[in-house]
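I opened a notebook page for this model and kept the entries in the order of looking. Each entry says what I looked up and what I found.

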Amino acid sequence: MRKIEAIIKPFKVDDVREALSEIGMTGMTVTEGKGFGRQKGHTELYRGAEYVVDFLPKVKIEIVVADSDCERCIEAITAATRTGRIGDGKIFVAPVEKVIRIRTGEQDEDAI
């Protein structure tokens with residue numbers, strides 16, 4: 001099993017949800033946050049004064065999938081979020097040793 005974490009622009013969340021649904025993935029966790037990468041924020045103008053926005057709004061999507069579904073999920077997330085401009089985000093993939101569904105006691109792939 002693999003845990004996929006994608007840090008993306010907030011307006012792309014619905015696109016990712018739809019893309020994952022189309023390939024049969026049924027659940028994900030979404031966390032709102034702020035951060036920056038290579039773009040290092042940006043400068044804005046407010047009432048004639050310039051100021052720097054260091055942290056930009058971001059969304060982290062987490063999904064745990066079977067090894068066999070990992071590449072399809074990565075491709076779906078990438079296709080749904082890529083604009084070709086800086087700040088599109090990143091995808092991280094890590095192994096998951098164990099999953100337990102608390103309600104039923106199911107484990108591993110049965111619990112996904």
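**Entry: Arg38.** I looked up Arg38 and found it in the loop between E2 and strand E3 (42–46). Helices (H or I, at least four residues) and strands (E, at least two) are DSSP runs, numbered from the N terminus. Arg38 counts as exposed, at 74% relative accessibility. The cut-offs I use are under 20% relative accessible area for buried, over 50% for exposed, and partly exposed in between (1.4 Å probe, protein chains only).

**Entry: source.** I note that this is a predicted model, in which local features need pLDDT of at least 70 and side-chain atom pairs count only at pLDDT 80 or more, while totals for chains, interfaces and linings use all residues. Residues are numbered from 1 along each chain as its sequence is written, and side-chain values use heavy atoms, with hydrogens and water left out.

**Entry: Lys9.** I went to the loop between E1 and H1, where Lys9 has its place. Is Lys9 buried or exposed? Lys9 is buried, with a relative accessible area of 16%. Leaving out residues up to four places away in sequence, I found that Lys9 touches Thr83, Ile86, Gly87 and Asp88. Contact here means heavy atoms within 4.5 Å.

**Entry: the sheet.** I traced an open sheet of four strands, in the order E2-E5-E1-E6, with antiparallel pairing. Two strands pair if DSSP finds at least two bridges between them. E2 and strand E6 (90–95) are the edge strands, each pairing on one side only. From one strand to the next the twist averages 20°.

I then listed the bridges of E1. Seven of them join E1 to E5, and these two strands run antiparallel. In this pairing Ile4 stands opposite Ile63 in E5, and Lys3 has Val64 in E5 as its bridge partner. E1 and E6 pair over six bridges, also in the antiparallel sense. There Ala6 has Ile91 in E6 as its bridge partner.

**Entry: helices on the sheet.** I checked what each helix lies across. H1 lies across E1, E2 and E5, at about 15° to E5. H2 lies across E1, E5 and E6, at about 5° to E1. For these angles, axes are lines fitted to C-alpha atoms, for helices over the stretch in contact, and angles run from 0 to 180 degrees between N-to-C directions.

**Entry: helix H1.** Which residues of H1 (residues 13–22) are buried? I found Val13, Val16, Ala19 and Leu20. Seen down the axis of H1, these fall within an arc of 130°, so they line one face of the helix. The arc is that of the directions from the helix axis to the C-beta atoms. Their cover includes strand E1 (2–8), strand E2 (29–35), strand E5 (56–65) and helix H2 (70–81). After H1 comes Gly24, with a positive phi near 95°.

**Entry: cysteines.** I searched for disulfides (a pair of cysteine sulfur atoms within 2.5 Å) and found zero. The sulfur of Cys70 has its closest cysteine sulfur in Cys73, 6.9 Å away, which is too far for a bond. Cys70 is buried, with a relative accessible area of 7%. Cys73 counts as buried too, at 0% relative accessibility.
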